[in-house]
Amino acid sequence: MKATIRQVDSVTVVDVSGRITLGEGCTQLRELIRDQLSKGNKNILLNLADVTYIDSSGIGELVSAYTGVSKQGGGLKLLNLTKKVHDLLQITKLYTVFDVHDDEAKAISSFSKPTT
Amino acid sequence: MTPESSVVEVTLESDLKNVEVAEEITRRVAVTAGFDEDEQHRIEMAVHESMINAIWHGNKNDSSKTVWLQFQIHRDRLEIRIRDQGIGFNPNSIPDPLGSDNLLNVSGRGIFLIRAFMDEFRVENTSGAGTEVTMVKRLSSGIQTKQGGTDREHESHNSTS
C-alpha cells in the first residue's frame, strides 16, 4: 500500500493505492490514521480510487479508522470506491455506515456541513 | 474425481507472502476453468481469506508448517481444498458480522466473505491432520473449460519461497 497525503482546506485527503490486506497494508493504514490524529487532523478523506485489493482485514482496518476518528470528534469519509471495494462494502452492510463520495470537491465541502 | 476433471496441487510454506502466490495460482486456474473476471476475483478472494485463516489462525504463523491446496476443475464447477496443520475451528462459532452489534467489529468477516463468494463451503477438522476447507464454485452458464478441461492432468508443486 502507498499513500500520499494532501491538505485541502480543513480536510486531510489521503490518496491510497495498492493492497490493503493483512500485514503491511493494514499496518500502514493504521499508523497513517494514528499519525494524522496525533497531528490534530480529524477530518480525513480516504481516496480509494487506486486500491487494487482489499480483504476482510482491510475492511476491518477501515472500520477501525472510522471508529477511531469518530471517537476523536472527527470524521472519516471514503472517496472513489472501485467496483470491487463498493461490492465488498455492500455485502458487509458497511456501505451505509461510511459516508461515501465520488466527487472530491463535494466530499470536502461535506465536512463543513453538520451531520444529521 | 471424474475423467473430465483436471487437478492442480500445490504445497506452500506457511508464510503470509505465499498468500499472493496462492492468489496467482487461483487466478490462472479460474481462467482455465472458464470463469469471468468478476467470478475470478471472488474465487481469488475466497482463497485469499482461506489462506489467511490457514496461515494466521491455523498454523499460527509458524513457517515450519505448510498449507496444501488442491484445485479440481470439473466441467460444471471448480472445487478448491485448502488444508493447514492447525487444531481446527468451528465456523459456526463466529458471530454474524451483519448483526447490529457486530457491524463495526474489526474482525470476523473472512468466513462470511468466503460463503458470500462461493457456492459451497465446508470445514473438516481432523485430529492430528489439520483443518481442511472445501469450497465449490459452479460455472453458472455451464460453459466448458477454455483449455485442458477434459484432459487428465495432475500437477504437483512444492514451494518453499
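At roughly what angle do the axes of helix 1 and helix 2 of chain B cross? Keep that question in mind for a moment, everyone. What we have on the screen is a predicted model, and we will walk through it chain by chain.

Here is the answer. Helix 1 of chain B covers residues 18-33, helix 2 covers residues 37-58, and their axes cross at roughly 150°. Those axes come within 9 Å of each other, and the crossing is right-handed. If you want to find the contact yourself, look on helix 1 of chain B for residues including B:V19, B:A22, B:T26 and B:A30. On helix 2 of chain B, look for B:I43, B:V47 and B:M51, among others. An α-helix has 3.6 residues a turn, so residues three or four places apart point the same way. Sorted by class, this helix-to-helix contact holds eight nonpolar, three polar and four charged residues.

Let's step back and see the rest of chain B. There are three helices and six strands in chain B, and from the N terminus they come in the order β-α-α-β-β-α-β-β-β. Chain B has 161 residues, and 37% of them count as buried. Among its contacts with a separation of 6 or more, 69% link residues 24 or more positions apart.

Now please find helix 3 of chain B, residues 110-117. How many of its eight residues are buried? Six of them are, which leaves this helix mostly covered. The buried ones are B:G110, B:I111, B:F112, B:L113, B:I114 and B:F117. What do they pack against? Within chain B, their partners are helix 2, strand 4 (120-126) and strand 5 (130-138). They also pack against helix 2 of chain A, and that takes us across to the other chain.

So, chain A. Its secondary structure comes to four helices and five strands, following the pattern β-β-α-β-α-β-α-β-α along the sequence. For a chain of 116 residues, a compact globule would have a radius of gyration near 13 Å, and chain A agrees with that at 13 Å. Its C-alpha atoms fill a box of roughly 30 × 25 × 25 Å along the principal axes. In chain A, 41% of the residues count as buried. Residues 24 or more positions apart make up 73% of its contacts with a separation of 6 or more.

The five strands form an open sheet in the order 1-2-3-4-5, with mixed pairing. Which strands stand at the edges? They are strand 1 (2-8) and strand 5 (99-101) of chain A; each has a single partner strand, so one side of each is left without a neighbour in the sheet. On average, neighbouring strands are turned by 25° against each other, ignoring direction. Further in, strand 2 (residues 11-20) and strand 3 (residues 43-54) of chain A run parallel and are joined by eight bridges. One pairing you can look up is A:V13 with its bridge partner A:L45 in strand 3. Helix 2 of chain A packs on this sheet, touching strands 2, 3 and 4 of chain A. The direction of that helix makes about 140° with the direction of strand 4.

Next, the place where the chains meet. Chain A gives 14 residues to the contact and chain B gives 17. On the chain A side, helix 2 (56-71) and helix 3 (83-91) each give two or more residues. The largest share, six residues, comes from helix 2 of chain A. By class, the chain A side has five nonpolar, six polar and three charged residues.

Finally, a few single residues to look at. Most residues other than glycine have a negative phi. A:D9, though, has a positive phi near 55°. A:K93 is not a glycine either, and has a positive phi of about 65°. You will find A:K93 in the loop between helix 3 and strand 5 of chain A, and with 13 C-beta neighbours inside 10 Å it counts as partly exposed.

My last stop is A:E104, in helix 4 (residues 104-110) of chain A. A:E104 is partly exposed, with 17 other C-beta atoms within 10 Å. In sequence, A:E104 and A:L79 are 25 residues apart, while in space their C-alpha atoms are 6.8 Å apart.

Notes: Residues numbered from 1 in each chain as written. Chains lettered and ligands numbered in written order. Predicted model: local features only at pLDDT ≥ 70, side-chain atom pairs only at ≥ 80, totals over all residues. Rg over C-alpha atoms; globule rule 2.2 N^0.38 Å. Buried ≥ 20, exposed ≤ 12 C-beta atoms within 10 Å, placed from the backbone. Contact = placed C-beta atoms within 7 Å. Nonpolar A, V, L, I, M, F, W, Y, C, P; charged D, E, K, R; others polar. Pairing = 2+ DSSP bridges. Axes fitted to C-alpha atoms, helices over the stretch in contact; angles between N-to-C directions. Left-handed = near helix turned anticlockwise from the far one by under 90°.
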